[in-house]
Structure formats: structure tokens, C-alpha cells
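Please look through the sequence and the structure shown here before reading the report, and keep both at hand while you read.

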Amino acid sequence: MAALLPSRLTRFRAASRLCFPHLCRHHSSLTHELIHNMDKKETWDRFYTENRSQSFRHFDWFFSYRAVSGFLLPFLSAGGSGDASRLVQVLDLGCGTSDIGLGLFRDSPVPVQVHCADISPVAIATMQRQVSECRLEPRNSRSELRFLELDCSDLSGFDSHSVDLVLDKGTTDALLRSRDGGERASRMLCEALQVLRRSGSFLQFSDEDPDARIPWLESESGGAGRASVSVQGLGTHRGVCYYSYILTHRGVC
């Protein structure tokens, strides 16, 4: 993993100019924190605090829900097959102020319980306030939306094999591109597989090439036989190619 770190940091420096150019111009100290310490709660508390404004706007790492809604929604229908009375369980790891979880809650034709989880209480409070003010209505009246402040490398609050769909949009990338985040990225992967239902899917969105990410996923998930890893290209956004790495459960880390 250490050999991959410099290239990850280089890609992040370039991506940061696309995702938050205003920070690169006006908040050089915060940009430095984001480049080196994205594994720290304090970094994200500061980020969301300094970027609050009277006019709320979702911050989406990589891309927004709209860009991948057609890809995501079929996973919800698959998760609910066989038991119409059960709420499909969705866990968005490191949700920040992204609209991914909100979009799934709003658009899912099957009843879902979406858990939006983040280590930053500032992000969670911001999202709770936004949902309360906009009065988001789900397509399925039984659907539920919850916000949780938690460390995504510790999912002990969830039962084993209880979640149908786990989402990771940039959270692993943030950890791997930090100086001290590699171990927590590995723990988060194993925790996600622990709570994933045997019929469920763990979707990890990244701009890292498959020849680097797939070996890491296979190694850190426990080796051959623990998880099946596949990849689907999601196209190019702002000149960057993105992928969804799809893990299905074969055991317990």
C-alpha cells in the first residue's frame, strides 16, 4: 500500500482543484489539511463549518446522486426481493453533506431504511436541518431516513449481516490518501463486509484504477474466498474516469 500512496496524493491534489477550487484560492491551510489529514474528524468538522452558508448546497465528492441514480436503484430492488414487508437496509459510509442517501430515500420504489453515517457532527447536523427544512418526501411511504454520527471503521452498532447495500463514495479514498489513514481504511472495509447481508452488495466509488484498487480490496478483505470483487466503469466527469467496485459477501473478516 505504501508504494501506492504518492500517486494517490498526486491525484487528490489535482482533484481538489476541481472539487473545491474556492478552498484552493482562499483557504490554503484547510486545503493542506484535506490533502494530508482527511482521516481526522477535526479536518471535516472544520471543512463543513467553514463552508456553511445561508444557502445550503450539497457537497458531493466525485459526482452527485443524479449521475449514478440509474446504476444504484436496481440494487435496492434486488435487496428487497423475496420479502415485501422488510425495509431494504442501506448504509452510506462517510455521507458528509452528499445527496446520495437522500436521493435513494426519495426515489426508491421499494421501502428502504437509509442510514447516512459520518464522523463529523457538523455534517450530520447540517443534513438533519436541511431535510427538516425541505420536507423531503419518499416515493414509497414506508421508507425511512436516519442520520448517524459514527466512525465508519467501527460499525458495531449494526448487527452482522443486516445491511443490504453499503455505499462508500470517496470515504476509502480519503483515508488512503491521508498519511495515517491506511489502517482505518482496511478496518472500514472489513466492518462493511461484516454488516453486509450474504445476498447484499458493497459499492465503493473511486477514481483509482482497477489495477491498483482490486488487488487492495482482495488483500484487505481477507484474500480469496472472503469477497468477490468486480468493477464497472461509470464514465468520465470533469476529465476524471470513475469506477464502482462491487463486493459481494463470501464470509466474515
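## The chain as a whole

This is a predicted model, and the protein chain in it has 10 helices and seven strands. Of the 253 residues in the protein chain, 53% are buried.

## A bent helix

Helix α5 covers residues 65-79 and bends by about 45° at Phe71. A proline follows the bend within four residues, namely Pro74.

## How α5 meets α6

Two packed helices are described by the angle between their axes and the distance between the axes. For α5 and helix α6, which spans residues 100-107, the axes come within 10 Å and cross at roughly 55°. That angle makes α5 oblique to α6, and the crossing of the two helices is right-handed.

On the α5 side, the contact is made by Tyr65, Val68, Leu72, Leu73 and Leu76, while α6 brings Ile100, Gly103, Leu104, Arg106 and Asp107 to the contact. Sorted by class, the residues in this contact of α5 with α6 are seven nonpolar, one polar and two charged.

## How α9 meets α10

Helix α9 (residues 182-195) and helix α10 (residues 210-220) pack with their axes 10 Å apart and at an angle of about 65°. Angles of 65 to 115 degrees count as roughly perpendicular, and α9 and α10 are therefore described as roughly perpendicular to each other. Their crossing is right-handed.

In this pair, Ala185, Ser186, Leu189 and Cys190 of α9 meet Trp216, Leu217 and Glu220 of α10. The contact of α9 with α10 is made up of five nonpolar residues, one polar residue and one charged residue.

Most residues other than glycine have a negative phi, and most peptide bonds are trans. Where in the chain is Arg135, and is Arg135 buried or exposed? Arg135 lies in the loop between α7 (121-134) and β3 (144-149), and this arginine is exposed, with a relative accessible area of 68%. Although Arg135 is not a glycine, its phi is positive, at about 50°.

Arg238 is likewise not a glycine, and its phi is positive at about 55°. The loop that holds Arg238 runs between β6 (227-237) and β7 (240-249). With a relative accessible area of 54%, Arg238 is exposed, since the cut-off for exposed is over 50%.

Asp159 is placed in the loop between β3 and β4, where β4 covers residues 163-169. Asp159 is exposed, and its relative accessible area is 59%.

How many residues apart in sequence are Asp159 and Gln194, and what is their C-alpha to C-alpha separation in space? The two residues are 35 residues apart in sequence, and in space they are 8.5 Å apart, C-alpha to C-alpha.

Note on methods:
Residues numbered from 1 in each chain as written. Predicted model: local features only at pLDDT ≥ 70, side-chain atom pairs only at ≥ 80, totals over all residues. Heavy atoms only, no water. Bend = angle between axes of the 7 residues up to and from the residue. Buried < 20%, exposed > 50% of the residue type's maximum accessible area, 1.4 Å probe, protein only. Axes fitted to C-alpha atoms, helices over the stretch in contact; angles between N-to-C directions. Parallel < 35°, antiparallel > 145°, perpendicular 65-115°, else oblique. Left-handed = near helix turned anticlockwise from the far one by under 90°. Contact = heavy atoms within 4.5 Å. Nonpolar A, V, L, I, M, F, W, Y, C, P; charged D, E, K, R; others polar.
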